[in-house]
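Here's a quick tour for anyone meeting this structure for the first time. We'll look at charged side chains that pair up, and then at one helix. Have the picture open as you read.

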Amino acid sequence: MEQMSDEVTQEEVEELDLLLKTLFPITRSLTGEGNRETLRILQGVAPIEISEYPSGTSVYDWTIPAEWTINDAYIKDASGERIVDFRESNLQVVSYSTPVDAKMNFSSLRPHLHLIQDKGNIIPYRTSYYTQDWGFCVTPAQYDQIEKSEVELEVKIESEFKENGSMTVAELCVPGESAEEFLVSTYFCHPSMANDNLSGLLVTAFLARGILGDVKPKKTWRFVFVPETIGAIAYLHQNQDRMTNVSGGLVVATCGGPGPMGYKETFLGNHNVDKAIRIAFKEASIDPLRYPFVPDGSDERQYSSPGFRIPVASITKDKYYEYPQYHTSRDNLDFVSGAQIAESLSVYRHVLKILDGNGTYKSTSPFCEPQLGKRGLYPNVGGGINQLGTGPLPNVDSMMWVLFLADGEHDLISMAERSGIEFSQIESAVEKLKEVGLLAQANP
Ligand code: ZN
């Protein structure tokens, strides 16, 4: 873990771009073959384990829905020409639409048409997961064409609901030296849109691969891939006992846009997850937009609910709700790139490193300061440490800070905050002082 760099290599950026292209066209929803295909592609990045939760299962106050499949959908004019065509864009059909096969005029079709006026050639993204309904999402031009049609139109949605189907989820648990556990969760239920939600999926898969590096992590890390809301609820239901012990987490979503980076706080606002994020941004010289916790947004709503209370934050780059392309066909590969995702990935990697490396230590020599010189940790010439021409000695500074704060009350994160010294410097000072026996792990 310590050997893992935050830097995202050019090779990784190219890999991200290729994965964006591969994943973008797939039709995803709460359930279905497109979800399985998406997860199988991500298995090429990290060895995530895929499992199936049967449709109809009760999970807390919810029920896992029937598995939805869609083969084709269109609105055809009298000449047989497709005005609206699912094969052109999977956003054209409301997700979870019931099957339709009818001839209709505009006025009966009208309540089933969704559009965004005056914004140009845009298809909105709509779902009807928990109400049986059907619909088409259309551009203003398509809408006009349908409205002008003087004859009945052929309306078809070839969809299917499998009551004996299932909902697909995936996870990867990487055990660390300690049982203290952190969660990284993302969702994969959106069809062809890039920032929401391919960016989150890719960052999470790359983080999982990073944690699996050569060095065993200090903490246990759980990576979770679920359909938003119902997937997180079902996963929590399935793993209730373990999940109540999770220390903190991140929900990775909308982090690949061209806009500024942001950060949504945990419900506590000052948990170590928040602190690690602030340190990571500061060390990257990024001043993020700050979003205080509110109980809407993504799956933090489930993870942080009263029964679990896992403090969960998000790092974003064009946060959901905030960018005009959100939940439309414009959230595409012109809007999102591997290089933009890499910026978020780098900050996320830093956050994971800080959380993983954190710990609390006690000085074994707490009465007055221990003598560093006789342990070879201090320059031989006493006196002008930072005034001589030898340059600054940050390791001494960091060792002084660590020893000063090693009272069993301050963890590494608070040492970095209090001293303003980079987290990695604090970490290496701790390593050095442990080596010479001046520090011992405080009761974990
Ligand atoms: Zn969304």
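## Glutamate 15 and arginine 209

Let's start with a pair that you can pick out in the view. This is a predicted model, and in it glutamate 15 makes a salt bridge with arginine 209, with 2.9 Å between the closest N and O atoms. The two partners sit in distant parts of the chain: glutamate 15 belongs to helix α1, while arginine 209 belongs to helix α5 (residues 194-211), and 194 residues separate them.

Are these two buried, partly exposed or exposed? Glutamate 15 has a relative accessibility of 25%, so it counts as partly exposed. Arginine 209 comes out as partly exposed too, because its relative accessible area is 27%.

## Glutamate 12 and arginine 349

The side chain of glutamate 12 meets that of arginine 349 in a salt bridge, at 2.6 Å from N to O.

## Lysine 317 and glutamate 343

Now for a strand and a helix. Lysine 317 and glutamate 343 join their side chains in a salt bridge of 3.8 Å, N to O. Lysine 317 lies in strand β16 (residues 312-317) and glutamate 343 in helix α10, 26 residues apart, so this pair also links distant parts of the chain.

The partners have contrasting surroundings. Lysine 317 is buried because its relative accessible area is 4%, whereas glutamate 343, at 41%, is partly exposed.

## The wider set

How many salt bridges does a search of the whole structure find? The total is 21. Some of them share partners, and in that way Glu33, Arg36, Arg40, Glu52, Glu67 and Lys162 are joined into one network. As a general point, side chains of opposite charge can pair when their charged atoms come close.

## A mostly covered helix

Last stop: helix α6, which spans residues 230-238. Seven of its nine residues are buried, so this helix is mostly covered. The buried ones are Ile230, Gly231, Ala232, Ile233, Ala234, Tyr235 and Leu236.

Key: Residues are numbered from 1 along each chain as its sequence is written. This is a predicted model: local features need pLDDT of at least 70, side-chain atom pairs count only at pLDDT 80 or more; totals for chains, interfaces and linings use all residues. Side-chain values use heavy atoms; hydrogens and water are left out. A salt bridge is a side-chain nitrogen of Lys or Arg within 4 Å of a carboxyl oxygen of Asp or Glu. Helices (H or I, at least four residues) and strands (E, at least two) are DSSP runs, numbered from the N terminus. Buried means under 20% relative accessible area, exposed over 50%, partly exposed in between (1.4 Å probe, protein chains only).
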